[in-house]
Amino acid sequence: MPAQITLSSRVKRILEVDGLRFRDLDGDGELTPFEDWRLSPVERAADLVARMSPDEKLGLMVISSRPMGISQPTKDFTSHDGALDEQYLPIKLDPHTSAGIPFEGTTEMITALHMRHFIMREEPTGARIATWINAMNEVAESTRWGIPVIVTGNSKNETGGFKMGATAEDQPFTAWPGTLGLAATGSLEVIESFAAHSRAEWVTSGLRKGYMYMADVFTDPRWFRGQGTFGEDPQFVARAMSALVRGFQGEDGLAADGVALTTKHFPGGGARENGTDPHYAEGRFNIYPTPESLEEYHLPPFQAAIEAGTSSIMPYYAIPSDEKSSTPQGRLTGFEQVGFAFNKEVMDLLRTMGHRGYINSDSGVMSKMAWGVEDLTPAERVGRAVMAGTDMFADTNDVASVREAYMAGHFTGQRLDEAAQLLLQELFTLGLFENPYADPAEADRVVQNSSARAAATDAHRRSVVLAKNHDAVLPLTADSLAGRSVYVELMAKDLTVKQLDTLRGRLEQAHPEIDFTTDHRRADVAIVLMKPFVGAYFDFVGITDLSIGEHAHIDIEKLRRIRGSVDTLVIGLDAMYPWLLDSIEPLADGLLVGFETREEIMVEAALGGFSPSGRLPITFPIDAAAVAVDDRGRCASPNDVPGYAKEQHMDGRPYVYVDTDGNRYQLGHGLGYDA
């Protein structure tokens with residue numbers, strides 16, 4: 001007899017059959033095949049799909065951002081003790097959509113629209129997440145088949161991840177360095193540790209699905225989303241993807257205690273046209289001017305994720321540009337001028353590569369980001385995407401357009417059943433049909449536990465790159481600082497005096513042996529931390545200027561004044577992009593580079609608390625000319641080729657930055673104090 005597995009129910013009763021217990025999800029008093037956890041997820045999903053109405057299947061095909069009850073200011077518009085937001089909005093305003101359709105309350109979405117997939121955008125504590133998801137699953141359990149709800153989130157465990165909706169009282173998940181910082185460690189061991197600790201926080205909070213991670217290779221240095229990648233080395237990114245998928249989902253495939261991942265953005269978002277992004281029309285094209293670049297640089301990480309068993313894959317919004325590409329690109333020959341979610345050749349390539357999970361569109365392809373199919377109605381767009389291979393539409397509650405597409409024959413009943421089968425298999429595999437409820441107290445115990453914090457701190461330290469160390473000025477030891485005072489500055493967008501004072505206070509507490517001063521004119525040594533920022537997520541603000549200056553919220557004139565008043569200047573640079581360094585590096589005696597690395601860790605490195613071991617995961621351009629765009633929109637360096645390989649395609653012109661000590665800031669560069 002198989003071992004009994006854990007069950008939890010709040011609405012439906014428990015059956016006992018052959019000495020084992022099962023949830024009676026359809027309420028008929030009998031053990032229906034889809035209720036039998038002894039059967040495989042494939043068998044159970046097939047049985048349930050055969051019983052469901054078309055409307056019940058159609059509701060599975062959308063996933064919508066869903067505000068929590070804690071975000072609803074009018075508590076009369078909530079249910080389940082404030083956990084669920086029930087307000088009906090005639091029109092929801094959202095940066096991903098231009099549909100202008102109503103936005104129903106949570107219970108109506110689950111019971112009337114048959115939706116089961118939601119995106120969490122807020123950043124609450126583990127207990128509040130668990131309480132919210134539990135309430136949604138209680139509503140779902142009361143429906144005809146008791147199909148559970150699953151909630152996904154964007155990555156939550158990196159310092160620089162894309163987040164919105166946090167509140168002051170929330171305790172965030174453990175904050176590791178950014179994904180580029182994880183890549184800078186060069187260590188799969190660190191990435192495996194990151195996945196293991198993060199997985200525990202997600203599972204105990206009830207989050208069982210992640211829109212992560214980016215398998216995109218960072219090839220155009222101006223891409224705003226490059227900061228969310230694992231760098232520019234396709235082979236390392238591939239190894240990282242394999243480790244992440246196995247670490248979050250399970251070593252041998254998606255497990256009942258795993259987090260199902262959606263790997264993005266197929267077939268690689270890095271091949272941007274001069275760094276522009278398909279969140280806006282000006283960036284809607286992927287361009288491949290270099291022969292075979294797609295196969296050589298962009299597909300290997302996705303192949304690795306597929307072989308590791310990623311549960312789903314998200315195609316990007318972009319259109320493959322036929323005009324500005326060298327075609328064919330390996331197995332892609334046609335370059336149909338439509339976004340990837342609508343592009344049958346691209347979706348067929350994904351299946352040819354071995355992907356057996358579902359295909360989840362990026363947000364907004366039914367309305368705002370429907371690139372290449374703007375002339376179609378929303379229902380026609382749905383049909384075009386589904387027949388190309390897309391199974392789910394992201395960040396929309398527009399079940400009506402999906403239903404219209406089906407009723408009008410824009411996609412077939414066979415495709416509807418295929419999509420429903422794949423989507424349900426994930427829920428069965430995760431064990432949500434047996435145990436959809438999380439323990440809020442356990443969630444708060446696990447989130448930010450001491451072991452995770454210690455591992456994250458180690459990763460922050462290992463992410464620091466020592467790029468320059470003129471005359472071995474670093475580390476600044478207690479002996480070398482004897483009788484000398486140290487000034488610390490932070491330059492960043494929207495920085496407040498309070499934030500700077502708080503940082504300085506933490507540093508004084510951590511390093512009582514150091515004589516800190518708040519006046520650089522009285523200092524002997526200055527440590528200037530800087531976090532340049534340019535660009536926008538949803539709006540085209542022009543081709544990104546990678547120089548570091550006022551436009552990037554860095555006061556170069558003040559930096560020069562500091563340089564003029566101290567004997568030693570150390571710069572700690574947060575590298576969201578591979579910046580143009582000519583305005584800051586020549587001023588610095590020492591240059592440390594981090595990637596959403598904690599400021600205190602950067603200072604600790606400068607003060608000799610550890611010897612930096614990180615290596616650059618990206619290559620820094622030599623000057624503006626290396627990334628200049630001509631009047632035809634052509635870049636001086638190929639957009640689709642990683643920085644370390646760009647010079648092979650530039651007719652002898654240089655691309656890699658060389659500092660005043662002769663260090664080349666190419667992929668893999670990094671010094672150490674023992675060097």
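**Packing in a predicted model**

Q: Leaving aside neighbours within four places in sequence, which residues is Leu559 in contact with?
A: Contact means heavy atoms within 4.5 Å. Neighbours within four places in sequence are left aside. Leu559 is then in contact with Met491, Val528, Met530, Leu569, Ile571, Ile584 and Leu587.

Q: Which pLDDT do local features need in this predicted model?
A: Residues are numbered from 1 along each chain as its sequence is written, and side-chain values use heavy atoms, with hydrogens and water left out. In this predicted model, totals for chains, interfaces and linings use all residues, side-chain atom pairs count only at pLDDT 80 or more, and local features need pLDDT of at least 70.

Q: Which residues touch the most other members of the largest nonpolar core?
A: A nonpolar core is a set of buried Ala, Val, Leu, Ile, Met, Phe, Trp, Tyr and Cys residues joined through side-chain atoms within 4.5 Å. Buried means under 20% relative accessible area, exposed over 50%, partly exposed in between (1.4 Å probe, protein chains only). The largest core has 166 residues. Those touching the most other members are Phe230, Phe266, Leu424, Met530 and Leu559.

Q: How many residues are in the second, separate core?
A: Its members include Leu474, Val488, Leu507 and Ile601. The size of this separate core is 27 residues.

Q: Which strands stand at the edges of the open sheet of 6 strands?
A: Helices (H or I, at least four residues) and strands (E, at least two) are DSSP runs, numbered from the N terminus; two strands pair if DSSP finds at least two bridges between them. The order is E15-E20-E19-E18-E16-E17, with mixed pairing. Each edge strand has a single partner, so one side of each is left without a neighbour in the sheet. These edge strands are E15 (465-469) and E17 (515-517).

Q: What angle does the direction of helix H17 make with that of E16?
A: Axes are lines fitted to C-alpha atoms, for helices over the stretch in contact, and angles run from 0 to 180 degrees between N-to-C directions. Neighbouring strands of the sheet are turned by 20° against each other on average, direction ignored. Helix H17 (residues 556-565) packs on this sheet, touching E16, E18 and strand E19 (568-574). Its direction and that of E16 make about 170°.

Q: Which residue of E18 is the bridge partner of Ala492?
A: Strands E16 (residues 485-492) and E18 (residues 525-531) run parallel, joined by 7 bridges. In E18, the partner of Ala492 is Lys531.

Q: Which residues of strand E3 are buried on its two sides?
A: E3 spans residues 62-65, and both of its faces are covered. It runs parallel to E14, with 2 bridges, and parallel to strand E6 (residues 117-120), with 3 bridges. Ile63 pairs with Ala394 of E14, and Ser65 with Ile119 of E6. Buried are Val62 and Ser64 on one side, and on the other Ile63 and Ser65.

Q: Which side chain makes a polar contact with the side chain of Asn397?
A: Asn397 sits in the loop between E14 and H12 and is buried, at 8% relative accessible area. A polar contact is a pair of N or O atoms within 3.5 Å; within protein, one must be able to donate a hydrogen and the other to accept it, and residues adjacent in sequence count only if both atoms are side-chain atoms. Asn397 touches, among others, Ser64, Ile101 and Met115. Its polar partner, at 2.8 Å, is Glu104.

Q: How far apart in sequence are the parts that Phe224 and Tyr537 tie together?
A: Aromatic rings of Phe, Tyr and Trp (its six-membered ring) pair if their centres lie within 6.5 Å; planes under 30 degrees apart count as stacked, over 60 as edge-to-face and the rest as tilted. Phe224 and Tyr537 are edge-to-face, at 6.3 Å and 80°, and both are buried. Phe224 lies in the loop between strand E8 (209-211) and helix H7 (234-249), Tyr537 in the loop between E18 and H17, so the pair ties together parts whose separation in sequence is 313 residues.

Q: What is the C-alpha to C-alpha distance between Pro301 and Pro234?
A: Pro301 lies in helix H9 (residues 300-308) and is buried, at 0% relative accessibility. Among the residues it touches are Ala215, Pro234 and Met241. Pro301 and Pro234 are 67 residues apart in sequence, but in space their C-alpha distance is 6.4 Å.
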